[in-house]
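Hi everyone, thanks for making time this morning. I'd like to walk you through one structure, so please have a look at it first.

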Amino acid sequence: MKKFTFAALAVPLMWVLLLLLFFSSNKLHAQETMVLSGVVKSADGSPMEGVTVWQKDTDNGTQTDLLGFYSLEVSSDSFLIFEYIGFKTQTIRVTNKVLNVTLVPDDDTLEELVINAGYYSVKDKERTGSISKITSKEIGQQPVANPLAAMQGRMAGVNITQSSGTPGGGFDIQIRGRNSLRTEGNAPLYIVDGVPYASQSNADQELSSGIMPLGNVSPLNSMNPNDIESIEVLKDADATAIYGSRGSNGVVLITTKKGSSDRTTFSLQSNTAVSTVSKYMDLMNTQQYLQMRRDAFVNGGINEYPENAYDVNGTWDQNRYTDWQREFIGGKAVSQNTQFSVGGGSGQTSYLFSATHRKDGTVYPGDFGYKRTNFMLNVNHHSKDRRFNFQGSVQKNDQNNKLMATDLTTAIFLPPNAPALYDEAGNINWENNTFENPLAKLNSKYLSETSDLIAQLNLSYEVAKNVRFSLLGGSTRTQGKEIRTMPSTIMNPSLQYTSANSSVNMVNLNKESWIVEPKINYSYSGDRGNLEVLLGSTFEERSQDVLGLSGSNFLSNDFIMNIQSAATQRVTKDAQTLYRYHALFARLNYTHKEKYIVNATARRDGSSRFGSNKKWGNFGALGAAWLFSREKALEENSWLSFGKLRASYGIAGNDLIGDYQYLNTLGLGLYTYDGMVTLEPLRLYNPDFSWETNKKLEAALELEFFNGKLAASAAWYRNRSSNQLVGIPLPGTTGFPSVQANLGATVENRGWEFTFRSMNLQKEKWSWNTSFNLTIPRNELIAFPNLEESTYANQYEIGKPVTIRKMYRYKGINPETGLFEFEDTNNDGKIDLNDRSVAVDVGVRLYGGIQNTLQYKNWSLDFLWQFVKQKAFSPDYRSNLLGEMENKNVRAGSYFGSGNGISLYQQPSLVSNNEAYRAYQNFANSDQVVTDGSYIRLKSLQLQYAWKIPQLAGISFTTFLQGQNLVTFTKFWGSDPETALGFLPALRTISFGATVNF
Amino acid sequence: MIYTVSFWILLLATGCNDFLEVEVPKDMVDQTKTFNDDRTAEAALHHAYVLLTENGFLSGNAGAAPVLLGCYTDELEVTSPAFPDYMNFYNGAVLANNSSVSALWNQTYAQIYTVNNILEGLKNSTGITEAVQIQLQGEALAIRGILHFYLAQTFGEVPYVTSVDYKVNQKIGKLSVNAVMERALADLKDAEEILLSSYPTAERIRISKSVVHGFMARMYLYMENWPMARQYAEVLINNTEYTLSPVNGLFLKESKSAIWQLKPTINGMNTYEALTYTFFAVPAPNIKLSTSLLGIFETGDLRKTNWIKFIGLEGQNAHNFKYTKMGFSTPVAEYSVVLRIEEMYLIAAEAAARLQDWDACNGYLNQIRSRAGLDDVDVQSVDQAVNTILQERRVELFCEFGHRFYDLKRTDRLMDLQAVKPNWKPHLSVLPLPENELLLNPNLLPQNTGY
């Protein structure tokens with residue numbers, strides 16, 4: 001019965017409200033009328049044609065003619081609204097029969113900036129929550145494929161990292177830190193035009209993890225950044241609690257571009273970009289490498305090189321030198337992006353259609369690349385009386401990615417004297433069977449095709465005065481197909497594999513979702529204040545079907561894409577999941593005297609991801625703001641133009657755990673026994689887990705000076721995420737690596753966010769704007785009952801961030817053995833796990849960006865510096881023993897006994913030397929491999945010129961030059977401090993393009 | 001319009017909870033249901049056999065214990081660093097964070113969980129045929145015993161897991177090697193009691209009473225309980241179902257010497273062993289048979305000519321050729337033989353020698369030798385017998401499930417490996433407990449000596 005309390009309360013309340021409103025609204029019509037007329041002019045005195053003039057709260061309206069003249073019959077003592085795109089809307093009380101109006105251009109100051117908060121919109125100045133926004137202006141013509149890339153460095157509290165430079169790859173986004181102990185539990189909720197968009201990767205991890213770190217493919221790859229009008233990120237409780245169990249990690253609202261009803265505009269944009277690896281590692285050359293290898297044998301007391309030490313025993317030419325980085329990732333990736341759009345409309349209806357095609361090459365050798373085609377249609381309509389509104393959109397996004405199955409970046413550490421990749425005849429060179437040629441791996445391909453369809457409809461009707469009922473409906477469909485081929489040709493020919501050994505894996509994915517959200521909005525403006533009430537409900541369903549096929553033993557490798565030609569065909573997966581979600585939500589906002597604002601939100605929601613007695617949860621928040629600059633004492637202040645204090649507190653939740661985890665079931669096994677299908681235990685049974693909850697507290701100060709020429713804000717937040725829903729790691733003796741359960745641990749994310757904006761120069765020909773954001777996040781595990789006895793004892797420490805790693809304390813190199821030494825913390829005479837005493841935080845300590853926009857006549861220059869202070873793993877973290885057959889960074893040449901200055905590394909050794917091997921393994925787990933990964937990067941630079949050709953009036957032509965990741969300052973000695981080790985680093989991109997509008 | 005609104009409001013208030021109930025998806029089946037039906041219960045057990053075939057102690061897969069233990073001792077030489085763990089095992093450079101060690105540990109306990117879950121499910125099942133229930137219980141118990149036996153022999157002191165409750169298993173402590181052996185034996189005895197002597201299906205790919213007897217014979221041998229070892233080995237030797245096979249057809253699926261085979265888990269495919277060991281050109285891409293093994297065969301040993309294949313000209317490079325069919329064939333020719341009658345002859349011979357029954361000892365030994373084309377031997381002392389039998393076991397059972405390692409270990413001869421591996425150390429007689437495991441369950445401390 002408990003489950004119905006919210007609804008039970010809401011229903012009678014709504015009825016009362018509705019009836020009251022219905023009767024009150026009838027009073028409206030009993031008033032006198034008069035004919036009003038006037039002229040509308042722009043600031044320079046010229047008459048304005050087509051300005052919409054209408055009486056407030058009625059369907060009574062007209063438009064100005066060629067001379068800016070209008071006349072309208074209105075009721076006396078009413079308000080008149082003047083609206084024109086690009087100009088500030090004016091509302092004027094009717095006093096005389098003549099009303100002349102001058103409209104001023106909307107210069108996009110904060111005053112009119114309206115923020116989309118998802119279920120409602122709010123004026124930026126009057127919002128009580130913490131919301132960051134970027135618009136199409138910032139997204140601009142950046143040559144990026146993923147909208148998240150366009151957000152990097154531009155928002156306080158939003159940390160985005162690119163995990164691989166391979167096209168179609170992944171991004172990691174964290175809004176105000178890691179709340180969940182599970183990596184996958186930290187994804188935000190994405191909402192595109194009101195329709196939730198799954199945050200999980202569409203890629204099958206098994207097929208894609210060789211080329212994409214962790215098989216992570218960002219679901220937002222399908223979106224064209226240029227179709228986006230704005231992206232809002234909701235951060236604090238006030239903004240996110242209305243998203244209930246899904247708002248814990250923040251909400252990313254994406255709004256697509258809409259057409260304007262002004263005139264028909266065609267737009268054509270095209271750019272070409274070239275991307276390259278921005279920095280190569282400084283690897284040893286042949287002499288340095290061979291010296292190191294020979295020393296390893298000397299140190300091992302081995303005089304005769306073994307048969308398989310091809311690099312030093314003379315099998316391979318010892319005078320060869322190849323920088324394998326240039327061979328494997330040294331190419332130029334060419335990208336092309338072309339977009340066409342047409343938008344327009346008349347009066348009440350507008351539309352926008354856009355079509356985009358994008359093509360990305362890769363820096364790898366071979367014919368690989370990524371293609372995407374986007375179509376989008378957006379239609380808006382309102383009835384003449386503006387009581388009815390319609391907005392609908394359809395998007396179709398197709399992606400096609402053709403890559404190798406394993407990132408070739410892993411091969412850059414080949415010995416520098418390894419043989420040529422091709423023999424004289426142009427075939428792959430196996431050097432008489434002594435060389436595992438990495439190029440052979442290119443024959444193993446990873447192909448992915450994804451097609452998304454998003455349709456969305458938003459209807460609203462003003463049922464009575466101030467009462468608007470609206471209904472959102474949306475549906476998405478994603479079809480994906482992934483193929484990974486493993487032809488026999490990837491193997492050493494000495495194995496004599498034939499197409500009988502070739503295999504292919506294929507996964508077909510079909511995802512569908514729908515959402516229905518009815519809601520009702522009531523607003524009341526009185527003398528003392530404004531009241532807004534919102535009530536709504538969500539019904540949502542997401543289903544997924546996966547069919548996995550594998551084939552092996554092919555007739556011929558030419559048939560490898562056709563499973564029918566495989567002698568052995570298997571269905572590896574035939575699975576479905578269904579997720580249902582239902583919620584009721586409400587918002588109450590009261591503004592008193594335009595100075596004091598209270599905003600209360602609540603949501604009760606239920607999710608099918610939990611067991612029957614754990615399905616429902618309650619969430620809510622309270623926010624308040626005080627616009628103190630509107631107090632009498634400050635109103636006349638000449639320098640302070642705006643000041644606001646705001647604070648919020650509330651609870652949001654997190655249900656990102658996958659479906660059916662509470663069931664005690666067996667699933668179909670991958671293999672058969674005795675020709676029969678098998679059933680395997682899927683997980684350890686625990687039905688009693690529930691929401692992860694995140695209690696968020698925030699306080700902020702927002703200020704503007706000198707008429708908005710300077711603006712600054714500071715926000716402090718503290719989020720406490722508890723009831724952690726985790727796969728608690730278990731020892732292998734339990735049969736499983738983990739069990740799904742709620743952990744009593746609490747993770748706190750707190751920090752400061754600062755933003756600063758200034759208009760440094762505003763002249764007729766010149767303008768210069770600067771904006772700056774800075775986030776100082778702190779993460780701390782504040783509670784963890786029985787941590788010492790738990791399976792996390794060696795992973796976490798109370799009072800430390802959850803991003804710590806426990807490592808050995810590096811002491812230096814023992815001058816007698818020439819090996820690394822570590823601190824024996826417990827003095828038991830040996831170095832083992834119990835000596836991993838140093839807690840090293842590899843999390844981010846500070847990040848932000850500084851953006852400048854300069855304009856001179858037709859030129860505009862925009863550049864963004866991104867900065868991150870963090871610790872990162874050096875390439876040593878994943879390297880093999882120094883002395884074995886693997887190339888190393890030049891700095892490793894300063895090893896013990898090398899005579900090259902101070903020894904940084906132990907003496908080169910072979911794995912047969914137990915002590916040396918162990919010391920090196922410990923080294924890879926010591927604080928010595930965690931280095932400064934901070935960087936300052938010229939993330940984006942854009943130079944634009946708008947051509948003004950008198951003969952071609954009505955046509956605007958713009959050319960631009962764009963750069964991405966142009967310069968990076970860092971002490972990090974690996975390839976790139978941002979991307980994951982072992983994968984292709986983020987690329988440097990330079991693009992050139994043009995836009996024509998007419 | 002007011003009606004539309006009220007319609008939606010009504011909708012809000014009703015039907016919300018039913019909406020959230022989702023059915024069990026089509027690729028899963030409820031635990032209770034599984035064990036109330038003969039076929040689904042059997043499918044759950046089949047999964048245990050799949051796991052045994054795919055990984056752990058009884059798998060022929062690259063990276064599973066048998067090939068690693070072959071590198072560890074003197075059976076295999078590693079020719080390429082492509083599989084780092086082959087190299088590490090070969091060099092005795094196995095550390096507590098070795099990924100193959102933790103994989104072996106985790107996979108074996110996952111196999112044990114699977115059979116424990118079957119035992120748990122069968123305990124409360126209704127609707128299942130009693131004969132099936134008993135058969136499945138017997139097989140599950142036997143697998144549990146066999147796996148713990150291997151764990152104790154490989155890792156030393158280990159926990160004996162009989163529950164599916166993770167709250168118990170995550171804090172479980174270790175037992176002494178003897179205690180593990182006793183409990184494993186107890187499980188096998190329980191299985192012996194309820195299993196039939198015939199196999200549940202036409203092939204020898206499931207556990208029958210004979211399989212249990214075979215493992216009991218081996219376990220008694222390892223525990224140096226000579227009379228019992230001999231008794232159980234002779235039960236099988238005297239069973240006419242099992243006959244010594246000619247050397248050249250021993251690993252075929254129809255082989256009469258096989259007591260237990262694992263059937264490949266992919267339809268139409270032959271064994272993993274063939275894929276793991278075979279190569280066609282020199283230098284060998286990963287591993288080859290060691291020079292010391294190649295040199296130990298007596299002249300004219302049919303096992304050398306049939307089970308070893310030389311590649312190239314120099315007579316230096318050879319691979320294990322016990323399994324000759326690689327990849328797919330119609331029909332499938334070979335299954336992986338986990339337990340075979342030849343081992344029973346060798347167990348009986350060794351036990352008889354320890355009991356000083358020289359006639360029996362020589363009789364069993366010479367039956368093995370004569371079928372391999374070798375002359376009879378006549379042993380008359382324990383030392384001589386043990387030496388001869390170990391040599392015989394080495395050439396008979398090479399590259400099969402780590403026999404070489406366990407034989408050297410139980411006869412205290414691991415240090416002999418120093419002849420070919422100067423770096424060999426006494427502590428290598430057990431593998432390290434996986435580092436991560438000690439972190440997650442401190443009750444498993446201390447780490448094995450030397451690691």
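**Where the two chains meet**

Two strands pair here if DSSP finds at least two bridges between them. Strands are DSSP runs of E, at least two residues, and helices are runs of H or I, at least four residues, both numbered from the N terminus. In this pairing, A:Gly667 stands opposite B:Met28.

A word on the ground rules. This is a predicted model, where local features need pLDDT of at least 70 and side-chain atom pairs count only at pLDDT 80 or more, while totals for chains, interfaces and linings use all residues. Residues are numbered from 1 along each chain as its sequence is written, and chains are lettered from A and ligands numbered from 1 in the order in which they are written.

Back to the contact, which takes 82 residues from chain A and 77 residues from chain B; two residues are in contact if their C-beta atoms, placed from the backbone, lie within 7 Å. On the chain B side, 45 residues are nonpolar, 25 polar and 7 charged. Nonpolar means Ala, Val, Leu, Ile, Met, Phe, Trp, Tyr, Cys and Pro; Asp, Glu, Lys and Arg are charged, and the others, Gly among them, are polar.

Now for the inside of chain B. How many residues of helix α5 (residues 65-72) are buried? The count is 8 of 8, where buried means 20 or more other C-beta atoms within 10 Å of a residue's own, with C-beta atoms placed from the backbone. The cover over α5 of chain B includes α6 (84-90), α7 (99-123) and α19 (403-410).

One of those buried residues is B:Cys71. Together with B:Ala349, B:Cys71 has the most contacts inside the largest nonpolar core, which has 195 residues. Such a core is a set of buried Ala, Val, Leu, Ile, Met, Phe, Trp, Tyr and Cys residues joined through C-beta atoms within 7 Å. Helix α8 of chain B (residues 130-155) gives the largest share, 12 residues.

B:Lys174 sits in the loop between α9 (166-169) and α10 (177-194) of chain B. Beyond neighbours within four places in sequence, B:Lys174 contacts B:Glu157, B:Val158, B:Pro159 and B:Leu444.

Technical notes
A residue is buried if 20 or more other C-beta atoms lie within 10 Å of its own, exposed if 12 or fewer, and partly exposed in between; C-beta atoms are placed from the backbone.
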